Each structure stands twice: as C-alpha cells, then as structure tokens.
Amino acid sequence: MLGSLQTCLVTLLTGRTMAESRTGPTGDEPTNQSYNYRNFSPEYYDFRSFDGPEPGDDAPNFEAVTLEGETVEFSDFRGSWVVLETGSITCPITDSKVHVMDELQKQFEDVVFILLYTREAHPGEHFEAHDSLEAKLERARTFAAEYDVERTVLVDDVEGTAHRKYGGMPNSVHIVNPDGVVVMRGDWNDVRTVTEVLKNRDENRIYERDIYRGSPVFFTQKKGATRVLANAGPRAVWDFIRNAPALALMHLKKEFRSKQSKR
C-alpha cells in the first residue's frame with residue numbers, strides 16, 4: 001500500500017517512474033558522501049544536537065562572497081545587530097521564510113539581515129549539488145532572482161566552512177549583537193522569536209533556548225514544499241518520500257526536546 005502510494009506520488013509530481021527517479025543520469029546508484037551530498041538523507045543532519053556558537057559565545061568569523069563576487073568577512077558587520085539565516089533554493093522551510101524575513105528587514109532597517117547560501121538541502125537533476133564555488137554562487141544568484149530577495153546574500157566556499165561553523169542546519173538563524181556576541185540562535189529559523197529579540201534589542205539578554213520547530217510559515221507568499229522539491233527534480237522528490245518516515249520521527253523527537261528547551 002505504502003509502496004503504491006509512493007510510486008503514484010513520484011509519477012504525479014515528476015512525470016517519471018520511481019526507478020528512474022532514484023538513479024542518476026547513467027542509472028548508477030549515487031555514492032557521494034561529501035558535504036555536498038547528491039542524495040538527501042537524514043543521516044546528514046543530527047537533530048539531537050546543534051553545533052556551532054551557543055548563546056553567549058562570540059560569533060565565529062568567516063569569509064564569504066557577495067552575489068557581485070566581492071569578498072567580505074562576517075566581522076565587517078560588527079557594530080550592528082546582525083540576523084544570520086541559512087538557506088538554499090531546494091529547502092522547503094527556507095522557501096516559506098524568504099518573504100517574511102524580507103518584510104522583517106523593512107521593519108528593522110538598522111539591523112543587518114544576511115542569508116548565507118548553503119549546500120542544497122534536497123538536490124535533484126535541476127538543482128544539483130555544488131561542485132565548485134562558481135556553481136554555488138550562480139545557484140545563489142538564481143535563488144535571489146527567483147525570490148526577489150532584498151536582504152544581503154552571502155556565499156561561503158564549496159566545502160561549506162561558514163555553514164558548518166554555524167551548525168550546518170538547512171534553515172538556522174543566529175542573532176548577533178553589536179559586540180559580536182550571539183544572543184539568540186535557533187536550529188530552525190523561528191520568525192516569532194527573531195521578531196521578539198529585535199524589538200527588545202537588549203545586548204545583555206541571552207536567549208538560552210536554541211531548539212525550535214522545523215515548520216514552514218503558512219500565511220505568506222511561497223512556492224510550497226511540493227513545488228520546491230519538484231523544481232529541484234525527480235530525484236529530490238523520491239529522496240524526500242523515501243526518507244519521510246525517518247525524517248518525521250526525527251522531527252517528533254526534536255519537538256519533544258523543543259518543549260523542554262529553556263526560553
């Protein structure tokens with residue numbers, strides 16, 4: 001029954017059979033286990049922990065490039081409040097936050113909003129995993145153009161050095177005060193909490209909670225998860241469906257820990 005449902009979903013969303021979707025262009029099973037994985041699997045994310053700077057720690061510096069190709073460092077923004085979000089064009093959660101975060105930037109014009117473009121959360125035939133900085137930068141430009149992103153978009157190296165420094169999650173958020181200290185972080189970007197922190201802007205307050213729900217924002221302009229995955233390609237759809245039970249269990253366990261997390 002479940003297998004039939006999966007087959008129907010893949011065929012409906014992609015126009016291809018499940019067998020065609022699970023294999024690469026040559027029909028061979030993918031074997032890439034690097035940071036830029038070719039096939040999504042929950043094994044690339046550990047929902048039991050959240051690495052990187054904790055609330056109260058100094059924000060790690062990193063080097064990145066703008067969409068225009070200019071090299072900058074994160075420390076260049078010191079002296080301002082900074083909201084650092086991670087995301088990619090194949091992440092359905094990022095999809096639901098883009099326009100909400102752009103609107104938030106208009107509300108807090110003196111705050112620096114940065115979206116750090118990461119590896120592809122759900123790579124597929126149309127949006128493959130990055131194999132060079134040039135490819136990653138071009139994908140970030142496509143993302144910014146498709147969503148008409150108004151915030152600063154930065155791209156780190158192809159190995160994801162900055163992304164891994166900040167926990168490596170698909171759509172995390174860190175708020176850094178003018179002294180370069182992380183005052184709030186979330187393994188998933190929780191827009192409500194981000195808004196609360198920016199309204200208060202208390203440099204001495206540290207928000208200890210760092211586990212949030214990995215859920216989309218519903219009442220906003222977005223493509224939606226189905227379209228995001230379909231746009232990425234048949235492989236992205238199949239990988240998501242194939243791993244949906246394990247992914248759902250991971251989210252449920254994390255949801256329980258989220259309720260225990262300090263505010």
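Strand β3 (residues 82-87) pairs with β4 in the parallel sense, over six bridges. Strands here are DSSP runs (E, at least two residues), as helices are (H or I, at least four), and both are numbered from the N terminus; two strands pair if DSSP finds at least two bridges between them. Within this pairing, T86 has L116 of β4 as its bridge partner. The model is a predicted one, in which local features need pLDDT of at least 70 and side-chain atom pairs count only at pLDDT 80 or more, while totals for chains, interfaces and linings use all residues. Residues are numbered from 1 along each chain as its sequence is written, and side-chain values use heavy atoms, with hydrogens and water left out.

β3 and β4 belong to an open sheet of seven strands with mixed pairing, in the order β2-β1-β5-β4-β3-β6-β7. Because β2 and β7 (182-186) stand at the edges with a single partner strand each, one side of each is left without a neighbour in the sheet. On average, and with direction ignored, neighbouring strands are turned by 30 degrees against each other. In general, strands of a sheet pair through backbone hydrogen bonds, either parallel or antiparallel.

The antiparallel sense is found at β1 (residues 63-66), which pairs with β2 (residues 71-73) over three bridges. Here A64 stands opposite V72 in β2. The hairpin of these two strands has four residues between them, and G69 takes a positive phi near 90 degrees. β1 also pairs with β5, again in the antiparallel sense, over two bridges, and T66 stands opposite L154 in β5.

Helices lie across the sheet. α3 lies across β3 and β4 and runs at about 160 degrees to β3, whereas α6 lies across β3, β4, β6 (173-176) and β7, at about 5 degrees to β6. Such angles run from 0 to 180 degrees between N-to-C directions, with axes fitted as lines to C-alpha atoms, for helices over the stretch in contact. Contact means heavy atoms within 4.5 Å. The axes of α3 (residues 92-107) and α6 (residues 191-200) come within 11 Å and cross at roughly 10 degrees. α3 is therefore roughly parallel to α6, a term that applies to angles under 35 degrees. K97, V100, M101, L104 and Q107 of α3 meet V191, V194, T195, L198 and K199 of α6.

The largest nonpolar core has 18 residues, of which L67, F143, Y147, V149 and V155 touch the most other members. Such a core is a set of buried Ala, Val, Leu, Ile, Met, Phe, Trp, Tyr and Cys residues joined through side-chain atoms within 4.5 Å; buried means under 20% relative accessible area, exposed over 50% and partly exposed in between (1.4 Å probe, protein chains only). β4 (112-117), α4 (133-147), β5 (152-155) and α7 (225-232) each supply at least two residues of this core, and α4 gives the most, with five. Leaving aside neighbours within four places in sequence, F143 is in contact with S88, I89, T94, V98, L115, Y117 and V149. A second, separate core of 17 residues includes M184, V194, Y207 and Y212.

The loop between β6 and β7 holds G180, which counts as buried because its relative accessibility is 14%. Not counting residues up to four places away in sequence, G180 touches D57, D58, A59 and R78. The C-alpha atoms of G180 and N61 are separated by 9.3 Å, although the two residues are 119 residues apart along the chain.

Definitions and conventions. Angles under 35 degrees count as roughly parallel, over 145 as roughly antiparallel, 65 to 115 as roughly perpendicular and the rest as oblique.
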